[in-house]
Amino acid sequence: MELLLKREIEALIKEKLFRNMEELEIAAFRSLLEMRPELKMESAIRLYREGDISFAKAAEICGISQEELKDIMARKGILREVGECPKENTDSAEQVIKSCR
């Protein structure tokens, strides 16, 4: 890290603008994501693909609708994975459909 940059960081912590280096890093990273929303989108998509967050949460993080996120992911060649319904949900759905006939 550049010497001047390192000293600036230390000065901010000494001035008690941040409690510690971790707090400063988190604030800096949040600022970076605000300045570069494409990074926020990439991280949200990765977290969704790894199963850390739901698809709805990924769209919320990106600040777009789920439909928009589906389109963006499709353009990137990323398929949305949808898990299977539990058997009890399938049975219930079949009963509802049969009752409507």
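Trainee: Which residues of the largest nonpolar core touch the most other members?

Mentor: This is a predicted model, where local features need pLDDT of at least 70, side-chain atom pairs count only at pLDDT 80 or more, and totals for chains, interfaces and linings use all residues. Residues are numbered from 1 along each chain as its sequence is written, and side-chain values use heavy atoms, with hydrogens and water left out. A nonpolar core is a set of buried Ala, Val, Leu, Ile, Met, Phe, Trp, Tyr and Cys residues joined through side-chain atoms within 4.5 Å; buried means under 20% relative accessible area, exposed over 50%, partly exposed in between, with a 1.4 Å probe and protein chains only. The largest core has 13 residues, and those touching the most other members are Ile45, Tyr48, Ala58, Leu69 and Met73.

Trainee: Which helices each supply at least two residues of this core?

Mentor: Helices here are DSSP runs of H or I, at least four residues, and strands are runs of E, at least two, numbered from the N terminus. In soluble globular proteins, nonpolar side chains tend to be buried together. The helices asked for are α3, α4 and α5.

Trainee: How many helices and strands does the protein have?

Mentor: Read from the N terminus, the elements run α-α-α-α-α-α. The count is six helices and zero strands.

Trainee: What share of the residues counts as buried?

Mentor: The protein exposes about 8400 Å² by the Shrake-Rupley method with a 1.4 Å probe. Carbon and sulfur atoms supply 54% of that area. Of the 101 residues, the buried share is 17%.

Trainee: Which residues does Met41 touch, leaving out those up to four places away in sequence?

Mentor: Met41 sits in helix α3. Met41 is buried, at 18% relative accessibility. Its C-alpha lies 7.4 Å from that of Ile61, 20 residues apart in sequence. With contact meaning heavy atoms within 4.5 Å, Met41 touches Cys62, Ile64 and Ile72.

Trainee: Where is Ser54 found?

Mentor: Ser54 is partly exposed, at 41% relative accessibility. Tyr48 touches Ser54, and its other partners include Ile53, Phe55 and Arg80. Ser54 and Ala44 are 10 residues apart in sequence, with 9.6 Å between their C-alpha atoms. Ser54 is in the loop between α3 (37–49) and α4 (55–62).

Trainee: What share of contacts between residues at least 6 apart in sequence joins residues at least 24 apart?

Mentor: The cut-off applies to separation along the sequence. The share is 21%.

Trainee: How many salt bridges does a search of the whole structure find?

Mentor: A salt bridge is a side-chain nitrogen of Lys or Arg within 4 Å of a carboxyl oxygen of Asp or Glu. One of them joins Glu38 and Arg36, with the closest N and O atoms 2.7 Å apart. Glu38 is partly exposed at 40%, and Arg36 is partly exposed at 39%. The search finds seven.

Trainee: Is Arg19 buried or exposed?

Mentor: Arg19 meets Glu23 in a salt bridge, 2.6 Å from N to O. Glu23 is partly exposed, with a relative accessible area of 23%. Arg19 has a relative accessible area of 72%, so the class is exposed.

Trainee: Why are Glu67 and Lys70 separated by about one helical turn?

Mentor: Their side chains meet in a salt bridge, 3.3 Å from N to O. Glu67 is partly exposed at 47%, and Lys70 is partly exposed at 33%. They are separated by about one turn because they are three residues apart in helix α5 (residues 66–75).
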